[in-house]
Amino acid sequence: MSDKVYIFDTTLRDGEQSAGIGFTKEDKLEIARQLARLNVDIIEAGFPASSPGDLEAVSLIAREVKGPIITGLARAVNPDIEAAWEAVRHAETPRIHVFLSSSDIHMAHQLRKNKEDVIEMARNGVARAKSYVSDVEFSPMDASRSDPEFVYQLLAAAIEEGATTINIPDTVGYAVPSEFGKLIANIRANVPGIEKVRISVHCHNDLGMATSNSLAGVQNGARQVEGAINGIGERAGNTSLEEVIMAIATRGDALGVHTNVNTRELYHTSRLVERLSGMAVQWNKAIVGKNAFRHSSGIHQDGVLKMRETYEIMDPKAVGVPTGSSIVLTKVSGRHGLRARLDDLGVQVTDEEFERVFNAFKDVADRKDEVDDRDLEAILGEQTSMEVAEAWKLDLVQVSTSDHGSPTATVRLVGPDGQTHEDAAIGSGPVDAIYRAINRVTNLHNELTEFSVKSVTEGIDAQGEVTIRIEADGGSYVGRAADTDILVASARAYLHALNRFVQASQLAVPA
Ligand code: KIV
Ligand code: ZN
């Protein structure tokens with residue numbers, strides 16, 4: 001039997017550090033639950049000392065999500081380690097992840113400490129974490145740009161204090177695979193006690209080499225890989241976990257290792273992270289991009305129709321990509337048909353969510369001949385988020401626009417007081433007019449920083465999916481909605497983001 005590579009997901013910590021992403025605690029819990037279904041081994045749920053909200057989110061995940069180890073990040077200082085312990089202590093299997101810079105440039109300019117101080121801090125940090133929990137991970141940050149001899153000493157000290165996983169970060173995505181692989185081999189050869197611990201790799205994608213570097217690490221003895229779904233993370237992001245997982249699943253023969261991941265959940269997980277982060281997955285993204293299993297040239301189509309393996313190295317079903325169905329959903333389809341299709345897609349919804357999905361499906365089916373899997377995905381995205389209480393609800397949006405003169409929008413909303421409120425505004429375009437009218441009603445100050453619209457399916461009756469991001473009161477909120485009318489979708493996406501803001505502001509008010 002080949003060795004197992006442990007999959008450490010940091011979508012909720014390093015992934016959340018992507019510029020512009022701000023998950024709510026409900027988002028984080030929903031993603032963590034899906035990561036448990038994906039069967040990752042470790043979930044890094046956050047950096048508890050970074051804010052009381054993050055501590056609360058990590059603690060919620062630790063209490064609610066069973067299966068994976070739940071960890072929280074901490075600098076090698078007591079208040080961080082205490083916050084991390086406070087957050088993960090109720091997990092079925094808790095871990096504390098302590099990190100500390102080891103490169104000359106970080107030590108001199110960021111930490112302002114010398115090598116002896118850093119070794120002392122690592123010892124104290126790991127020992128402190130160990131006083132709370134047996135499972136402690138230690139990371140020398142910027143390891144790939146550090147003096148290797150110093151890294152060996154630092155790791156030996158961390159192991160002596162009880163670290164159980166030693167994680168080697170390529171923090172700024174600087175390494176090349178041959179060099180990174182050698183670093184792991186040298187660590188195995190030169191660090192006293194290394195045979196007692198698991199070696200992990202954590203690579204960033206600044207030069208597009210994160211997956212290759214991680215696999216080079218595995219080929220040289222690393223048995224834990226860290227990364228994020230869709231490769232989100234600081235700057236150009238982290239290693240895309242779906243790439244590492246499918247590389248190991250597809251080329252286990254060459255790599256000689258396996259994972260215990262349920263690969264059929266990859267596609268759902270990717271879509272969920274895309275939706276809640278508001279970061280679109282590029283069409284040609286390996287494994288989870290829209291084009292990853294589409295064939296365009298005649299020769300390729302011919303080959304795949306005759307035998308799938310001619311041009312496909314992976315079965316799309318193994319990744320959970322919806323591949324069509326004999327059940328055609330139309331406006332005459334009933335609850336049974338929809339349930340059966342959702343079951344086929346492996347989607348689990350509560351009875352209450354199912355009723356919302358069914359009503360939204362009927363609404364779309366009234367305006368479209370056929371509702372396909374992509375339409376269902378858009379509907380599910382909107383109806384099943386366990387999020388936002390709808391403080392403001394759209395009752396009516398009416399727009400008048402022409403190629404001369406200013407577009408005008410009227411909106412009627414049901415407010416938190418249960419009453420309807422109506423107002424109108426003109427704008428530079430129809431969407432601008434709608435947003436101005438909504439602003440006049442809600443009076444919620446914010447700045448719209450992103451707006452994108454994409455077609456869910458082909459054809460003139462396709463649904464348009466609108467994704468927006470607003471900045472309000474120091475936070476960033478994503479809103480998303482789909483409708484066959486993109487102006488209606490725009491209004492609903494905006495209200496979705498505003499309602500998330502309202503919910504977050506209410507949570508921020510001390511009881
Ligand atoms: O990139 C990095 O070095 C990190 C550490 C905190 C592990 O994210
Ligand atoms: Zn990182």
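1. Helices here are DSSP runs of H or I with at least four residues, and strands are E runs of at least two, numbered from the N terminus. Just past α17, Asn443 has a positive phi of about 55°.

2. A word on the basis: this is a predicted model, where local features need pLDDT of at least 70 and side-chain atom pairs count only at pLDDT 80 or more, while totals for chains, interfaces and linings use all residues. Residues are numbered from 1 along each chain as written, chains are lettered from A and ligands numbered from 1 in written order, and side-chain values use heavy atoms, without hydrogens or water.

3. Now the metal: the zinc ion (ligand 2) has protein donors (N, O and S atoms within 2.8 Å of the metal, or 3.2 Å for Na, K and Ca; water is not among the atoms, so sites may look incomplete) in Asp14 (OD), His202 (NE2) and His204 (NE2), at 2.0 to 2.1 Å. Asp14 sits in the loop between β2 (6-9) and α1, and His204 in the loop between β8 (198-203) and α8 (210-219), so the pair ties together parts 190 residues apart in sequence. Both Asp14 and His204 are buried.

4. Domain 1 (3-277) and domain 3 (393-507) both give residues to the lining of the second largest pocket, so this pocket lies between them; the domain bounds come from an automatic or database assignment. α18 gives the most to that lining, with six residues.

How values were computed. Buried < 20%, exposed > 50% of the residue type's maximum accessible area, 1.4 Å probe, protein only.
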